[in-house]
Amino acid sequence: MKVKVFEIVKSGLSPLSEEMESIIQDWLKENDQIEIISTSQSQHLRENTVFVTIFYRSANEA
């Protein structure tokens, strides 16, 4: 099992949820041979930062 953590900081006028979706979708497109096992999300004390953790395994792992 592998872990990928995204630190997503709101940087423009778009809602934070749109930035999260865009960043994670881009990563998934680059890594299309994975199986997501679980995800979690936490918000930093600063309202404009969210951490998204993805637990996954590669398709070639047993």
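In what order do the 3 strands of the open sheet lie? The legends below begin with the answer and then turn to parts of this predicted model.

**View 1. The sheet is open and has 3 strands.** The order of the strands is β1-β3-β2, and their pairing is antiparallel. The edges are formed by β1, residues 2-9, and β2, residues 34-43. Each of these edge strands pairs on one side only. On average, neighbouring strands are turned by 20° against each other, with direction ignored.

**View 2. Strand β1 is joined to β3.** Strand β3 covers residues 49-58. The two strands run antiparallel, and 8 bridges join them. Within this pairing, K2 stands opposite Y56 of β3.

**View 3. Helix α1 lies across the strands β1, β2 and β3.** The helix covers residues 16-30. Relative to β1, helix α1 runs at about 145°.

**View 4. S58 is a residue of strand β3.** Is S58 buried or exposed? The relative accessible area of S58 is 15%, and a residue counts as buried under 20%, so S58 is buried. Leaving aside neighbours within four places in sequence, the residues in contact with S58 are K2, Q33 and I34.

**View 5. The side chains of S58 and K2 make a polar contact.** The distance for this pair is 3.4 Å. K2 is also the residue that stands opposite Y56 in β3, and S58 lies in that strand.

Notes
Residues numbered from 1 in each chain as written. Predicted model: local features only at pLDDT ≥ 70, side-chain atom pairs only at ≥ 80, totals over all residues. Heavy atoms only, no water. Pairing = 2+ DSSP bridges. Helix = DSSP H or I, 4+ residues; strand = E, 2+ residues; numbered from the N terminus. Axes fitted to C-alpha atoms, helices over the stretch in contact; angles between N-to-C directions. Contact = heavy atoms within 4.5 Å. Buried < 20%, exposed > 50% of the residue type's maximum accessible area, 1.4 Å probe, protein only. Polar contact = N/O pair within 3.5 Å; in protein donor to acceptor, adjacent residues only side chain to side chain.
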